[in-house]
Amino acid sequence: MPYMVSLKNHSGHLCGGFLVSEDFVLTAAHCDLGPMWVVLGIHNLKRLGGKIRYIEKEYKPTQYDNVGTGKDLMLLKLTEKAEMDNSIQTIPLPSSEMNIQENKQCRVAGWGSTSTGGKSVDKLRAVNVSLMKRHECEKKWPNLPLNVICAGGYPTKQGFCQGDSGGPLVCDGIAVGVVSFNNGGNCSYPDVPNVYTDIFKYLPWINSIISP
């Protein structure tokens, strides 16, 4: 998964993200946790290697308020372009609206904890998750914000956890969602589906920044 990046500060790993152009990373808006930098081309955070890039500017949708109200995505402009090789690659974004096929298998990855209250892991992990129709998701999330995708979590034990925020939901090799929120960090026995920001709904905003 050469498109994956780790957002770090002096305390360690904060969030995931993914490279969408040579000099832009897409992540979650709620990952704006103060000064941080980007590590590219790394699988194991404990090992030396990876390319560090600093952040020139952050972009969030103007109406973003908090993680539970939607619009939870952020573009990071890097101070220096990433050099593409086998370990560093971009991932394509959707060119058309996704047709949510219930139970379609997609994938989410990150360095987040593997259980409720756990610590972030050193090695990048990935898990398959099943998509859920919005009307089914709303039965568990009555106040579900607009422009989101539900996948993983309830009724399975597979999904994302704290530290995975900002990573991509990947379907057929395309990044279609950004890890946003679950229920209060309940990862071990999730009682609601995992929620992702729907990238397609924000493509005009993304493209206006990446390719003005």
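A salt bridge here is a side-chain nitrogen of Lys or Arg within 4 Å of a carboxyl oxygen of Asp or Glu. By this rule the count comes to 7 salt bridges. This is a predicted model, where local features need pLDDT of at least 70, side-chain atom pairs count only at pLDDT 80 or more, and totals for chains, interfaces and linings use all residues. Residues are numbered from 1 along each chain as its sequence is written, and side-chain values use heavy atoms, with hydrogens and water left out.

Side chains of opposite charge can pair when their charged atoms come close. D23 sits in the loop between β2 and β3 and K77 in strand β6 (residues 74–78), so the pair ties together parts that are 54 residues apart in sequence. Helices (H or I, at least four residues) and strands (E, at least two) are DSSP runs, numbered from the N terminus.

Next, the disulfides, each a pair of cysteine sulfur atoms within 2.5 Å. The whole structure holds 3 disulfides. One of them joins C15 to C31, with 2.1 Å from S to S. It links distant parts of the chain: C15 is in strand β2, C31 in the loop between β3 and β4 (37–40), 16 residues apart. The torsion about the S-S bond of C15 and C31 is about -90 degrees, so this disulfide is left-handed.

Now the domains. Their bounds come from an automatic or database domain assignment. Domain 1 covers 4–90 + 202–211, and domain 2 covers 104–201. Their centres, taken over C-alpha atoms, are 18 Å apart. Domain 1 puts 29 residues into the contact and domain 2 puts in 27, with contact meaning heavy atoms within 4.5 Å.

How much area is buried between domain 1 and domain 2? About 2100 Å², of which carbon and sulfur atoms give 65%. Buried area is the accessible area (1.4 Å probe) that two parts lose on being put together, summed over both. In domain 1, M4, F18 and Y202 lose the most area to domain 2, together 29% of what that side buries.

What of charge pairing across the domains? Between domain 1 and domain 2 there are 0 salt bridges. On the domain 1 side, β1 (4–9), β2 (12–21), β3 (24–27) and α2 (203–210) each supply at least two residues that touch domain 2. β2 gives the most, with 6 residues.
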